[in-house]
Amino acid sequence: MALTADQILAAQKANLETLFGLTSKAFEGVEKLVELNVTASKAALSEAANTTQAVLSVKDAQELLALQASLFQPLAEKTAAYSRHLYDIAQGAGSEFGKAFEAKAAEAQQSFVGLVDSAAKNAPAGSETAVAVMKSAVAAANNAFESVQKAVKQASDVAEANFNAVSTTAANAAKTTAQTASRKR
């Protein structure tokens, strides 16, 4: 069964729509990243001004140590929050690309299976073995693809769990350090 010009044009149109959709999603991710960095930069400038004022008003070394301890935990928490936002932006963009790829791959698989079935129906007598081998190969390829998709999903879940654990540990370590420093005063 040969592809008609209409089928080829329809496939090209669908591929272009997918490409433009993904390009739009990529720009959305960049916009979110720029917005996050602008917000973080504004907050950092404001905090730098406040910290400078606080440092200039310190009267002795003891007060300076207390100020340092009070600044450490919020800094660690803000760093963890920034990292979390950054991870979420990357994860969202990656998820959109993954969904588009899965949809296109499933569509291509269905088309190919339909093509194989059509070829099997129109195959000359005596070619049943070759058709069976072809169908078996298609089924094996589909199973392998599904296994890869599951492995990628599991790896993504493990990476997110590790990221969350590291963020929590960093925030807790900052809190402990700040508490220890304030007790030493």
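**Figure 1. Burial and overall layout of the chain.** Of the 185 residues in this predicted model, 12% count as buried. The secondary structure amounts to 3 helices and 0 strands, and the order of elements from the N terminus is α-α-α. The chain has an accessible surface of about 13200 Å², with 64% of that area on carbon and sulfur atoms. Among contacts in the chain with a separation of 6 or more, 78% are between residues 24 or more positions apart.

**Figure 2. A nonpolar surface patch that includes Phe20.** Leu16, Leu19 and Phe20 make up this patch on the surface, and together they have about 330 Å² of accessible area. Phe20 belongs to helix α1, which covers residues 5-56. Phe20 counts as exposed because its relative accessibility is 58%, and the cut-off for exposed is over 50%.

**Figure 3. The salt bridge between Lys25 and Glu28.** The structure holds 3 salt bridges, and this view shows the one that joins the side chains of Lys25 and Glu28, at 3.8 Å from N to O. Both Lys25 and Glu28 are in helix α1, 3 residues apart, or about one turn of the helix. Lys25 has a relative accessibility of 30% and so counts as partly exposed. Glu28, at 32% relative accessibility, is also partly exposed.

**Figure 4. The salt bridge between Lys78 and Glu47.** The side chains of Lys78 and Glu47 meet at 2.7 Å, N to O. This pair links distant parts of the chain, with Lys78 in helix α2 (residues 61-121) and Glu47 in helix α1, 31 residues apart. Side chains of opposite charge can pair when their charged atoms come close. Lys78 counts as partly exposed because its relative accessibility is 42%. Glu47 has a relative accessible area of 29% and is therefore partly exposed.

**Figure 5. The salt bridge between Asp88 and Arg84.** In this pair the side chains meet at 3.1 Å, N to O. Asp88 and Arg84 are 4 residues apart, about one turn of the helix, and both lie in helix α2. The relative accessibility of Asp88 is 37%, so Asp88 counts as partly exposed. Arg84 is partly exposed at 24% relative accessibility; a residue counts as buried under 20%.

Definitions and conventions. Residues numbered from 1 in each chain as written. Predicted model: local features only at pLDDT ≥ 70, side-chain atom pairs only at ≥ 80, totals over all residues. Heavy atoms only, no water. Helix = DSSP H or I, 4+ residues; strand = E, 2+ residues; numbered from the N terminus. Buried < 20%, exposed > 50% of the residue type's maximum accessible area, 1.4 Å probe, protein only. Contact = heavy atoms within 4.5 Å. Areas by Shrake-Rupley, 256 points an atom, 1.4 Å probe, with all protein chains shown as cover. Patch = residues over 30% accessible without salt bridge, like charges linked within 9 Å, V, L, I, M, F, W, Y side chains within 5 Å. Salt bridge = Lys/Arg side-chain N within 4 Å of Asp/Glu carboxyl O.
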